[in-house]
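The sequence and structure come next.

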Amino acid sequence: WLGLPTVFGCARLLWCRLYRGEETMPVLAGISSGPVRGTMMILSRRHRMMAAGASGATRKSMGLSAVSRNSLASNAEGLQDAENAEAGSHNGSYTSLGVVNAGEAGKSSLLAVDEGEKKGHEQLNWAAWWQVQFEALKDIFLNYLNILLIFVPIGQYCHMTEMESCYTFTANFLAIIPLASVLGSATEAISAHTGQLVGGLLNATFGNAVEMIMCIQAVKAGLIQVVQGNLLGSILSNLLLVLGMAICASGLLRKTQQFNAHGAAANMTCQAVASISVCLPTMFRGVANSTDHQVLMISRVCSIFLMAVYGLFLFFQLKTHSDLFTDENQEEEQEGQLAPSISVVLLFLCTMTVAVCSGALVDSIEDVSKVYGLPQAFIGVILLPIVGNAAEHATAVTCAYKGMMDLALGVAVGSSTQIALFVVPCAVMFGWIYDQPMNLAFRNFDTACQMLSVFLVSQVLQHGNTNWLHGAMLMTTYLLIATITWFIPEAN
């Protein structure tokens, strides 16, 4: 009953001084009443007693003859004062009850005020947060390129009404262009919060999820050659075309571009393992007395190993050796950017929209190829991967042009690694489920292209810096492969 009003008064003093800016003298006057005043009285009496005892001891040490009488008188006076103080404290206790009750009422009122202010601050914070998100979304969508979003419903209308394939192809191709821009903006927003490594991984995962769904549907339909050509074309387009264009885009503004050499080396090592896993079943098919069933079983076993390697690579990249994958020249997180939750939702919605447009686009390519005489091998290895991964391609080139080379590598090289180590084995596993002969025995030309491309990209990325000439060499290699693919004869 003595301590609570004192503590409450001190707390009120600090609160008024720090938060409300009020004068503190009334508070000091308020807390000096009641039990505090009785406490001060008791303390003063005790000080007098101690002083009396100290004076008696001093007189005794000096040899004064009256020390005993003065000491006895002082002790008696001190005892009397203590009894009076105790009686005063008992009398003051009744007064302190009212002070305590008043203090509790004041404390409850102050708590109510604090809760009201806290709720007000929370409402202001939420309003400010939504204002920032609205401004960030407005910056993403309010540009002239997004006018082409009108072709998203037009392309779907052309596809559902089975109009001419040329109209469906053109409308969906134009619809993918602004979606790629929005997808790139969402990826940049995520990378600003999580880093370029995780941002590129998320972008590649969302993009390849769509491609894996399309491959599963094609495997279920028995289109094995189309799936193999599409997967190989995706790997080649990411390693050669997308990476080459990204390096050239960065070279337009910079003489050299630095990036994380450790992350690139780890990705290319995984690419080499994936290339070996494709090369071995392909070469085994040429062994005398080998059967298609043996090639199929070898492919399924290799697919299990490849999926395990990809899981180990993710654990190595995100957990045990995450310090080796830190972004080069990583900038601090800036204010006014899109929140991670909104960015992920936007990335998911854009990816699903791109999947719908890409599906309609892919369905129209076969008719377009018949009308314009395009070879099937060229469509599967070159045209389908470019169109299906247009959003990822635009994201990588845009990020490289802005100086975010680690994010561009995460989208381009990371996406090809994910396809080689996860999407291809998943296609083989789903072929096993649907009882389709999906295997890793590609054509000899396809296998050679993959091995040589991995070797070339490893040489380009081994030093941790690039220039525009490296990008030109990668794009030239892709053009060579595309030219040869055009002349591959059709199978009967």
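How many nonpolar, polar and charged residues are in the lining of the second largest cavity? There are 8 nonpolar, 2 polar and no charged residues. Here Ala, Val, Leu, Ile, Met, Phe, Trp, Tyr, Cys and Pro count as nonpolar, Asp, Glu, Lys and Arg as charged, and the others, Gly among them, as polar.

The model is predicted: local features need pLDDT of at least 70, side-chain atom pairs count only at pLDDT 80 or more, and totals for chains, interfaces and linings use all residues. Residues are numbered from 1 along each chain as its sequence is written, and side-chain values use heavy atoms, with hydrogens and water left out.

**Cavities**

The whole structure holds 3 cavities of 30 Å³ or more. A cavity is a set of points on a 1 Å grid over the protein atoms alone where a 1.4 Å probe fits but cannot get out; lining residues have an atom within 4 Å of a point.

**Ring pairs**

The count is 5 aromatic pairs. Rings of Phe, Tyr and Trp (its six-membered ring) pair if their centres lie within 6.5 Å; planes under 30 degrees apart are stacked, over 60 edge-to-face and the rest tilted. Two of the pairs are tabulated.

| Pair | Centre distance | Plane angle | Class |
|---|---|---|---|
| Phe 169 and Phe 173 | 6.1 Å | 10° | stacked |
| Tyr 310 and Phe 313 | 6.4 Å | 35° | tilted |

Phe 169 and Phe 173 are 4 residues apart in helix α6 (residues 165-194), so about one helical turn separates them. Phe 169 is partly exposed at 21% relative accessibility. Phe 173 is partly exposed too, at 37%. Buried means under 20% relative accessible area, exposed over 50%, partly exposed in between (1.4 Å probe, protein chains only).

Tyr 310 and Phe 313 sit 3 residues apart in helix α10 (residues 292-320). Both are buried.

**The chain**

The chain has 16 helices and 2 strands. These are DSSP runs, numbered from the N terminus: helices (H or I) of at least four residues, strands (E) of at least two. Of its 492 residues, 42% count as buried.

Conventions. 1 Å grid on protein atoms, 1.4 Å probe; cavity = no way out; pocket = protein on both sides within 12 Å on 5 of 7 lines; lining within 4 Å. Points joined across faces, edges and corners; volume = space filled by probe spheres on them.
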